[in-house]
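Good morning, and thank you for coming. Please look at the sequence and the model while I speak about charged side chains.

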Amino acid sequence: MSIYDIHSHYHPGRVGTAITQLTADTFEIEPGGYYSVGLHPWYITDNWRVEMATLSVMALHPQVAMIGEAGMDKKVNAAPLELQMEVFREHVRLSELVRKPLIVHCVKAVDELLAIRREMKVAMPWVLHGFRGGVEQWRQLSRAGIRVSIGEHYDEALIREIPLTELLIESDEAICVNDIYERVAADINVDAQELRNQVWHNIYQLLNVSF
Ligand SMILES: [Zn+2]
């Protein structure tokens with residue numbers, strides 16, 4: 001078993017190599033697969049409390065490795081920010097309760113994210129996925145206990161700054177995670193296979209499990 005793609009919506013690859021994103025109405029578990037369960041900020045409706053109740057049950061499943069993706073997004077005019085924050089806090093509580101790390105979607109709301117992490121005295125690690133920010137922002141997040149994962153679009157200076165032992169890689173909505181590995185590996189001058197093994201190790205450390 002080797003998860004080397006920390007966040008995927010499609011996951012066309014081999015079962016068990018990615019953490020695949022599920023929602024309250026798409027809870028289909030394959031043998032040997034790993035999943036995250038959450039309510040994305042783009043899709044918050046009046047029904048969110050019912051969905052959270054469903055997600056809380058799903059979260060207990062042993063093949064659910066992470067909670068999320070959940071978070072805040074100021075770019076979409078979906079739910080008002082206050083509501084997005086309320087829903088996000090529910091995910092934080094769930095993550096703490098079941099002791100599974102949280103995968104975070106955050107667009108233009110890093111201050112709010114840091115404030116919530118401080119105010120709720122969080123113990124579990126968070127991973128801000130699809131991180132496109134620069135070195136300074138990464139340092140700020142890192143000090144607060146928030147990791148980042150790198151997808152199709154990333155800052156090249158940042159990728160050289162993050163220690164190999166902290167690097168996390170995801171396909172998100174891109175089709176092939178291997179292409180992302182090739183590019184990142186070339187940018188930081190390591191062998192792609194070696195990088196994959198390292199990220200695999202990093203993900204297992206983050207999840208604090210040995211599958
Ligand atoms: Zn995603």
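**Charged pairs and a charged patch**

Arg 139 is partly exposed, because its relative accessibility is 32%; partly exposed lies between buried (under 20% relative accessible area) and exposed (over 50%), with a 1.4 Å probe and protein chains only. This is a predicted model, in which local features need pLDDT of at least 70 and side-chain atom pairs count only at pLDDT 80 or more, while totals for chains, interfaces and linings use all residues. Residues are numbered from 1 along each chain as its sequence is written, and side-chain values use heavy atoms, leaving out hydrogens and water.

Which side chain meets Arg 139 in a salt bridge? It is Glu 161, at 3.0 Å from N to O; a salt bridge is a side-chain nitrogen of Lys or Arg within 4 Å of a carboxyl oxygen of Asp or Glu. Glu 161 lies in helix α5 and Arg 139 in helix α4, so the pair ties together parts that are 22 residues apart in sequence. Helices here are DSSP runs (H or I, at least four residues), numbered from the N terminus. Glu 136 joins Arg 139 and Glu 161 in a network of salt bridges.

The structure holds 6 salt bridges. Another one joins Glu 119 and Arg 89, at 2.6 Å from N to O. This pair links helix α3, which holds Glu 119, to helix α2, which holds Arg 89, 30 residues apart. Arg 89 is buried, because its relative accessible area is 19%, whereas Glu 119 is partly exposed at 44% relative accessibility.

Thank you for your attention.

Conventions:
Helices (H or I, at least four residues) and strands (E, at least two) are DSSP runs, numbered from the N terminus.
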